[in-house]
Every structure is written in C-alpha cells, then in structure tokens.
Amino acid sequence: MTLFWQVTRSYVTPVVAAFLGGYLFTWGLVSLLISGMVYLGGDFHNAETIGFLLAFPIFLFMFFWNFIRQTSWLPYVMTFVGGAIMTTLAYGLQTLVIQ
Amino acid sequence: MKFANTRQAMAWLHTWLGLIFGFVLMICFFFGALSVFDREIDRWAIPDTRFDPQPMPSFDNVLIDVFNRTEPDIAEYNRLMPVYHDSAAGDITPRTELPADEYWAYTTHRDPVLLMGIGFRVPKPLNTKEHNHIHGRATIDPRSGEELPSNSLKIGSDWFYPLHYSLNLNWNFIGFYIVGIAAFFMLVALVSGVWIHRKIFREFFTFRREKKTQRATLDLHNMSGVVALPFHFFFALTGLIIFAAFYYLPVTNTMLKPLHDMHETMEANATGLPHQRLGITAQIASVDDMVTEAKRRWAARDMAGEVGFLMVHHVGDANSYVSIYRAGSDRVSLVGEGIHFKSSNGEVLREDPPHSTAKSIAEFLTGLHLQHFEHWFLRWLYVLGGLLGCVCIATGFIFFTEKRKQQHAKNNSQGSRIVDAFAITTVTGIIIAAVSMLVANRILPADLANKGDWEKWIFCIALSFSFLHATLRSSPVVRGEKNPAWREQCFIITALAITAVTANWLTTGDHLIKTIFTTPYWAVAGVDLSLLAVAATSWKAAARLQSESIEKEQSSSEAAYE
Amino acid sequence: MNNSTVWLIPAIILMLVAMGWLALSLPGHWKQVRSGKPASRRLRLAGWSAIVLSALCCLKADHATMAVLVWLMLMAAAAASVGMILSMRPRMLKWLSLGIFAEEFRR
C-alpha cells in the first residue's frame, strides 16, 4: 500500500494538479476573453471562436509549465488563483453587459 | 521533485501518459480511419442501399410526405417528455400528437440515402425559455421516399464513426470526456515525444528491421510518429475544437449562457430570422422554388452547387423560415453559404455574409477533420495517416513491454504481462471486433428483429473474447517471451476477413469481379479489397510470428540436448 | 476525375523523389544504396526544390485550402514509403543517387 501512496503522491497528483490547473486557467482566460470582447463591443460568436482556437494550445502550455516546474509555487498560483480571478472577472463583466 | 531535468520529466510524461491513454487513442485512430469511409461501409452493410449517391430530392413531392408520417422516437419521448412537460398546465400530450417545430434533411456527395429529422415541440413546456425538442428520425431512399427497414444498423456512420469520438458510451457523455482527455494527452505525448527525440530528421527514414525487436520497434515508433506529425497533432487538436463548445470547454453553454442567449435574441433582430414562434398558423409555400432560387444565387456567386442541408424552422407558424445550405464538396471549410427564405411566401430573408477571419480559420480546421469534401485521394491519405497513428501507438506499447519484460521476468513482476494483454486487445482485438461485426451483418438473417443490436453485441463480445484470450495466453510474458495470442489473433483476423468477403459474395451476389469490372460499385469493392488487404497483412504477421516461435523452440531444445 | 486532378500524378512522383533525395542526404542511407559519401547539401537542396515543385502541382490540382492538406499528407505518405523501401529494398533507390550527388563528383 505504501507503494500505491508513493506513486499517487509523486506522480498522479502532479499530473492531475497540472491538468486541473491548466484547465481552470484556460477556462478563466477564454471566458474573460469572450465577455471582455463583448463588453468592448465585439461580436459574440467571433469572440467565442477566437477563444476556442486559442484554448487548447494555452491549456497545453500551462500543463507543461505546471508539471515541469513542480517545485515552484509560481505556476500553481498563476493557474489556480489566476484562473479563479479571471473567471470571476468574466462573470462580473457579463453582469455588466446584460444590464 | 525527482526529475533531474526537463528531458526526464518529458520522457516520463511520454511513457506513462502515452501508455495509459494509448489504449483509448488506438480506438480513436483506428475507428477514425474507418470513418473516413463510413458511408461506404454502410453500403456494404445494408445491401438494399447499394445504388449511386442522389441529390436532395424534391421537398414538395417527396420530403414533406416523409416528414408528415415520421413520429417522435419512443425511447426519447419516454425519457424526456416527463422532464419537459409542465404537469400543472394540463395532461401530457400523447406521443403521436406532438406538433412538429423543425424539419431537416441532410445529404453529401457520398450518400445514396437521405437522413431526415424532426424536432417536435412540447405544447405545455415547464421551461418556456428552452427548445424542449423531442426528435424523430428517418432514413429514406430519395428515389422513392420509402423508409429503410428500422432493424438495419449503419455500421459505418452509426457505430464506427461515433465510436471514434464517444466510444459509444453515452451515459452522461462519459465516452466524450474520456476521448477528450485522451486527445489532450495525445497532444502532450506529441510535444514531449518531439522534445525527447533530438534527431527528428534522421528518424524520418530509419527502420532497421534486422535489429532486435526493441530497437526495430522504436525505429518504427519514431518514423510513424514523425512523418505524420502534422496529421497527428491537428487531428487531436481539431477533434478537441469541434466539441469544445459542447463538452470540453462549455463556457458559453454554462457560465456565459446569459450572454449567449442575449446575443441570440440580438442576432435574430439583426438578421430578421425569427428566434421564436409567433403563434399564428401559416401555410408553407413551395420549397422547391426556394431551392431553385438558392442554386441560382450560388451560381451567381460563381460557386454553383447542390443542396447539402435543408432546414425548416418553426414549422407551420407565421414566423417559419427555410434555411438552405450548399453541400461543401469542393472546399475544406464547411461553410454552407446559407440562404434563408420566409416559409409562407418564399421571399428571401437573408443571405449569410462571408465570415470573419477567426471563423474562417475555425471552419478550415473543423472542415479538415470532418471532411465533407470530394477528394478520394486525400481520403485515402487520411486513412494512411490514421493507420500511421495506430502503428505509432501500437509500437509504443510493444516498446514498453520489450524494454521491461526481461527485468519484470527477473523480479517476477506482472507489469509487462498486463500491459501486453491490453495491447493485444487494442491492436488485434479491435480489428477482430470490427470484422466480426461485418461477418455477423452478412450472416444474420436480414429480417431479424433488432438486427443492429445483435451486431453491436457481437462487436462487444468479440472484443471481450480478444481480451480474455490475450489474458489466458499471457503466461509466457512472465518468462520474458512473446504472448502467443498475438499470433493466434492474427490468424483469427485472416479467417474472419476472408469469411466477410465470401459472405458478402454469397448473400448479395456482389463479388469483386462484378463490383470492379462488370458493374463497378467502388464502395463495396473498396470495403472488400480492404478486407482482403487486412487478411493478407495479418496472415503475413501471423506466419512471421509462427516461424519465429518455432525457431526459438528448436534452438532451446537443441540447447537442452547439448 | 476532372482535368486538374491529373496534376496529382506529378505531385506524387515529385514528392517521392524529394523524399528519396532527402533520405540519401544522410550518409547512413546513402551507404545502403551505393558506396562513398553523399553531397549532403546538394541533395537536400534538390530534395527541398522537389518538395516545392510538388506543392505547385498540388496547387494546380485543387483549391488552395485543399492543396495544403494533400501536400502535407503526401509528405507523410512519401516519407513512410521511402523509409519502407530503404528498409526492404534499398537498391530500388539507386537511380536517385545520381553521380552529381556523390561527394567525389565535387573534386
């Protein structure tokens, strides 16, 4: 059982964390991009398309960055906290646009 | 942590994530490659539909009758009606009395049959903001308007094709998510693979078959990965983009849905295409005249073409309109150049304007994956790309076990044995399953009730058989030797593929001389020839593995004798 | 099959030749075909030129967006074919190892 926990802690956790972090960051960025562009008067579907085109390369980059620099806190802060902040901002912008 | 450097971290990611998701990716690549010819496999599997592709038939004479007699799907009605219906507003509407809200018909340059669908609306909905559609579908012979028997399964477009993006696991879309995650890690494996291989250019042409299995396998792994690198990368990426809005990054369907809905209403005002029903009944004018007008307008723009997709919105209402889209057979992007008509009088409401740059890029990327274009040579190159992907993943599995099995044999570990059994299931097993399904399709009686379901079961049983067989025969791997299941399953594939071709001949009379020379029908000939190619290749592989194992036995018995 | 589709034939041949030359520019593969050493730079130049010519043929055959796909996929198919030929019957490529591509020619 110790082997199982060891593998989980040293391998599975970093992969899952990098994946979730990268995803959250991408989610935040894409939603902020869409709501931001619409807020600035852009077309909704155009913004959506740009978001989806950029999303996966960015996700990929953030995943690698998080995974490779495991010892550093910066990537984790950037992806998790940054992702959460961007998501909140996007939500706020949406509320502003809809009013 | 314990990675000494970036290269080691990359190597770890490539090895382990490639291994775990490789089993899923094999299914995506193999059945994706088959999906390039999904319509042709359909023709093989449903002999009644072996005739030439047809243009969109007359709406006024053929389609409208089919729409009028098509009913909502029973299973979908039972599942969704209680959810959509507002029981406080009155009694539930019986299934056959649901009013139609939208009609659509869809065909491509490869389709003899026509796919049609209806969205029925719920008269007393609980949530008035939603669409609340319950669907009905029909596949017809466009020459007569007759429906195909409902027991026949379109093996290509309704089983192999969805298998490659959803694994046909539809419970909560779990299959879509598994494939999505696998596609993401395909990208990870590609990037990390390129990172750890320094001599990309040399690997283009190097396959030293005379070297040890481990080395030769690695050569083939590198070559198949590198030569088709753009294919592998862009198919994984575009696959993710195609489903981004619905499954993988549903930002605008969840969190930003209010923004999306606001835009929909704004867009409806700007385009003049009504977003909602008005509530006043109205008749529909001649849709055939609208089709003629649409074709005239496309020709005027120097892009004459056939109708690929036709849709009637808000059926029977004063707000109803007809959207007519062009079949995209001569270009990659699936644009459609839609022209919209008012249903009641056939007046043109709107022509879709050219799209923005971002939209055009996205349409090119999704179009290159969905391949609506008419280009047989490129189709075959895509099959080759998909099969190179399979080779790359399969050699990855073999390299993994070859590298470790001696070590595992010493430590008495079961690791290689398990990986090898899964590898057999996802390499030879999926071929056995696919070909068994085709054999079953030809052998089961045509009028068997739920024939399609039987075929699906046989696919699953064959796959399980392959896994069981691979597991039961796996003990030699523990001694550092090859699993005989590889060879045995290759023999099984040969036998099945030849049986399939023979069964097609015996049950339909369409043998290769007929389908190639006397009355050419390339869809069926192509499937038959591919099956024969599979038979020949697997026979060769099996024979090679056989002679290898005999040699080994002889040398070991000689060693014992001395 | 319309008229412009015919251009796919030179596109395929040029791509195979191109990949053959690029492969022969590597000393290891050159040795599989004939003795001596290759004039690598010259072979690479010839190879890339043939790839460009093949691209032009693809453009003649199809709409530009489609031609890009055909060209890229053709590269994969041709490279894999040349790799397999080198693995099974390398001598088949002897006719590509023209004298001007041998290193001694320069002297």
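The following legends describe close-up views of a predicted model.

**View 1. Contacts between the chains.** Two pairs of chains touch, and the pair with the most contacts is that of chains A and B. Chain A and chain C, by contrast, do not touch. The nearest C-alpha atoms of chains A and C are 18 Å apart.

**View 2. The open sheet of chain B.** Eight strands of chain B make up an open sheet, in which the pairing is antiparallel. Read across the sheet, the order of the strands is β4-β3-β2-β1-β5-β6-β7-β8. The edges are formed by β4 (146–147) and β8 (348–351) of chain B; each has a single partner strand, so one side of each is left without a neighbour in the sheet.

**View 3. Strands β7 and β8 of chain B.** Strand β7 (residues 339–342) of chain B runs antiparallel to β8(B), and three bridges join the two. Within this pairing, His340(B) has Arg350(B) of β8(B) as its bridge partner.

**View 4**

**View 5. The helices of chain C.** Chain C contains four helices and zero strands, so that its elements read α-α-α-α from the N terminus on. The C-alpha trace of chain C spans about 45 × 30 × 20 Å along its principal axes. Chain C has 107 residues, of which 47% count as buried. Among the contacts in chain C between residues at least 6 apart in sequence, 72% join residues at least 24 apart.

Key
Residues are numbered from 1 along each chain as its sequence is written. Chains are lettered from A and ligands numbered from 1 in the order in which they are written. This is a predicted model: local features need pLDDT of at least 70, side-chain atom pairs count only at pLDDT 80 or more; totals for chains, interfaces and linings use all residues. Two residues are in contact if their C-beta atoms, placed from the backbone, lie within 7 Å. Two strands pair if DSSP finds at least two bridges between them. A residue is buried if 20 or more other C-beta atoms lie within 10 Å of its own, exposed if 12 or fewer, and partly exposed in between; C-beta atoms are placed from the backbone.
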